[in-house]
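Here's a quick briefing on a protein chain, written for someone just starting out. Have a look at the structure first, then we'll go through it topic by topic.

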Amino acid sequence: MSRTIPRIFSTSLRQKNLVRSLAFLLSTAAAFSQTNTNSPGPLAGEVRSNYTKFEFQIPMRDGVKLFTQVYAPNLTNESYPFLIQRTPYSISPYGITNYRGRLGPSEAFTSEGFIFVYQDVRGRFMSEGNFVDMPIHKEHLSGPADFDESTDTYDTIEWLLKNVPHNNGRVGTYGISYPGFYSAFSLINAHPALKAASPQAPMADVGNGDDAYHNGCYFLAANFGFYVGFPPRGPVPSQRSARGPRFEYGTDDAYDFYLRMGPLANAEDLVFKHKNEYWTDLVEHWKYDDFWVPRALSPRMHNLTTAVLVVGGWFDAEDLGGTPRLFQAIDQDGHAPANTLVMGPWSHGGWGRGDARKLGNLNFATNTGVFFRDNIQLPFFLKYLKDKGDGLKTEKDPRIPKAWVFATGTNEWRRYDAWPPKNAAKRSLYLASGGKLSLTPPTGKAEGFDEYLSDPNKPVPELGEIGEGMPGDYMTYDQRFASERPDVLVYQTEPLDHAITIAGPVTPVLRVSTSGTDSDFVVKLIDVYPNDFPDPSPNPRGLHMGGYQQLVRGEPFRGKFRNSMSRPEPFKPGKPAKIQFIMPDVLHTFLPGHRIMVQIQSSWFPLTDRNPQKFMDIPNAKASDFQKAIERVYHGGADGTHLDVLVID
Ligand code: PG9
């Protein structure tokens with residue numbers, strides 16, 4: 001028996017009447033579903049048989065209407081919280097007869113029962129208005145009709161509470177990546193009904209540490225690949241994407257594609273042709289300037305009233321840096337009723353589906369994705385939106401952890417009451433001559449250096465084989481191909497006689513010089529497996545895990561920003577200078593028999609754009625500007641290069 005539900009496209013005036021009919025529909029649907037409910041859980045099974053879909057155009061305070069889908073449970077013997085996802089990536093399928101196969105962040109949410117809400121953000125797909133890429137939060141609104149994403153979220157929640165029956169007056173937001181950005185935004189000046197939010201890989205600082213720039217280095221392949229498919233829509237709402245035909249690279253070899261493309265300016269001139277303002281803005285704002293400052297979310301985390309679950313992946317190639325920083329900012333604010341960081345051995349969004357037992361060539365021997373969804377994500381929302389269960393408390397540990405994180409190396413979940421852990425001790429990994437690396441400070445005052453020729457026309461590859469520009473799991477790849485190159489310096493400890501666990505940020509303190517007037521320095525922290533480490537069985541990829549050099553954390557730094565991310569300074573050729581920066585957090589155990597390795601190089605292509613190694617505006621560089629440079633890394637003595645780490649157990 002099919003239920004015909006009138007297509008609900010409405011203006012705010014007619015919405016009142018429609019909502020009355022909505023309540024009627026739900027009560028009859030409830031009767032229908034009550035006699036027909038035979039699924040094991042309250043709302044398990046086909047979405048279409050347990051939920052009714054509605055579509056609304058919700059008016060914002062400035063009159064712009066945001067296209068919003070509501071999936072309301074047919075069973076109305078209880079009231080339900082809203083669970084909202086706001087996205088620039090379309091809420092397809094459109095039309096009230098076309099249903100999603102799953103509602104919410106996992107199947108368990110569908111069967112548990114929420115009022116699921118999906119919304120095209122302002123200016124995207126079916127919503128009216130103008131889209132701003134990574135929109136800024138307005139500290140001061142100019143009047144009652146002034147808006148930003150905080151007010152859009154507030155107005156949406158206010159409307160839903162008043163117009164959708166059988167709600168329990170509570171709201172949650174969640175999302176991964178861009179939707180995670182909007183979930184984080186919902187925390188700012190939050191509606192009082194917003195009781196729980198889970199920003200996941202939330203693009204918290206795209207200008208430094210997330211998608212666009214890392215310490216001044218532009219993530220070329222990732223952003224080129226994203227923005228060729230993310231053009232401006234134009235003023236008219238549409239169910240269809242504004243993207244044209246899929247971009248044809250013409251090769252599987254991203255290294256060759258981007259090298260042949262030449263200087264960064266060619267991407268604009270040859271591909272984007274000044275028609276994608278989002279790309280143009282990114283490239284134009286290569287300093288951490290007033291374009292980026294208001295786009296960072298962490299500085300906006302004040303006086304929160306919402307419980308927060310910040311989620312990220314240790315191997316997230318797109319939005320890693322900002323995730324722990326968002327958690328720290330919320331923690332320092334201290335107002336959120338709960339704030340927990342969850343980090344697992346995941347690539348971008350890898351926790352959302354599947355078992356996440358493996359990533360790249362790594363095997364974590366446990367279904368980390370299932371564990372997260374069932375034991376962390378669902379309990380979090382049940383607790384704060386339905387007063388059900390104990391949330392993140394466990395039988396063994398009644399406290400809500402500040403961090404529930406997966407330790408790579410030992411492959412185990414750990415809970416901490418602070419992050420980084422309180423018992424973490426600051427240690428340093430000192431580079432020394434002969435390619436040595438030691439936790440013991442160098443003796444004597446002797447300072448040495450190692451050098452290499454950095455040729456921007458033969459940059460160090462990101463991959464050891466032909467492949468795409470930024471594989472989602474590149475952070476787990478074997479680095480042996482790089483350690484064999486003359487333009488990569490390698491330092492490593494002796495095989496460890498005991499386990500060493502590093503937790504939290506890794507802070508390179510470099511003492512370097514260049515014969516040019518600018519250079520990039522890429523630091524890679526690597527776990528070197530013993531030669532007798534077993535290959536996987538079965539071994540379809542023919543991996544050789546003995547001697548595997550697993551990237552634990554890698555990050556580039558554009559040297560001209562060593563004293564300020566907004567005021568670049570040239571190097572004096574040949575004169576040593578200090579570069580200190582923070583690499584995103586880790587929780588990794590180097591097991592006995594393994595070695596700790598540090599690699600240093602001056603390009604990482606096409607992950608990051610090439611540095612001409614000449615102090616200039618790189619977006620305007622011409623092919624003739626790219627010059628070779630002799631790079632020196634100094635070690636030993638009082639100021640020798642080292643990496644500060646936090647060691648626990
Ligand atoms: N992190 C992705 C992205 C957002 C904005 C620009 C470039 C990439 C995303 O998946 O949303």
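Where is the place of P420? P420 sits in the loop between β14 (412-416) and β15 (425-432), where helices (H or I, at least four residues) and strands (E, at least two) are DSSP runs numbered from the N terminus. Keep in mind that this is a predicted model: local features need pLDDT of at least 70, side-chain atom pairs count only at pLDDT 80 or more, and totals for chains, interfaces and linings use all residues. Residues are numbered from 1 along each chain as its sequence is written, and side-chain values use heavy atoms, with hydrogens and water left out.

- Most residues other than glycine have a negative phi, and most peptide bonds are trans.
- The bond joining W419 and P420 is cis, with omega about 0 degrees.
- Another cis peptide bond runs from S92 to P93, with omega near 10 degrees, and P93 lies in the loop between β3 (80-87) and α3 (107-112).
- S177 isn't a glycine, yet its phi is positive, about 70 degrees; you'll find S177 in the loop between β5 (167-176) and α5 (178-185).
- S177 is buried, at 9% relative accessible area (buried means under 20%, exposed over 50%, partly exposed in between, with a 1.4 Å probe and protein chains only).
- K273 also has a positive phi, near 55 degrees, in the loop between α8 and α9, and K273 counts as partly exposed at 47%.

**Domains**
- The chain is divided into domain 1 (44-205 + 296-416), domain 2 (207-290) and domain 3 (425-648), with bounds that come from an automatic or database domain assignment.
- Between domain 1 and domain 2, the C-alpha centres are 27 Å apart.
- In domain 1, 24 residues are in contact with 18 residues of domain 2 (contact means heavy atoms within 4.5 Å).

**The largest pocket**
- On a 1 Å grid over the protein atoms alone, a cavity is a set of points where a 1.4 Å probe fits but cannot get out, while a pocket is an open set with protein on both sides within 12 Å along at least five of seven lines; lining residues have an atom within 4 Å of a point.
- The largest pocket holds about 740 Å³ of space (grid points are joined across faces, edges and corners, and a volume is the space filled by probe spheres set on the points).
- Its lining has 35 residues, with A221, A222, G225, F226 and Y249 nearest the centre.
- α6 (220-227) and α7 (254-261) are the elements that give two or more residues to this lining, and α6 gives the most, with six.
- The buried residues of α6 are L220, A221, N223, F224 and Y227; they pack against β8 (217-218), α7, α8 (265-272) and α9 (277-284).

**Cavities**
- A search of the whole structure turns up six cavities of 30 Å³ or more.
- The largest cavity has about 70 Å³ of space, and its lining includes L220, Y258 and F605.
- The largest cavity lies between domain 2 and domain 3, because both give residues to its lining.
- The second largest cavity has a volume of about 60 Å³, with W286 and R558 among its lining residues; domain 2 and domain 3 both line the second largest cavity too, so it lies between them.

**A buried lysine**
- K386 belongs to helix α11 (residues 368-386) and is buried, with a relative accessible area of 14%.
- A polar atom of the K386 side chain lies 2.6 Å from the backbone oxygen of G113.

Key: Polar contact = N/O pair within 3.5 Å; in protein donor to acceptor, adjacent residues only side chain to side chain.
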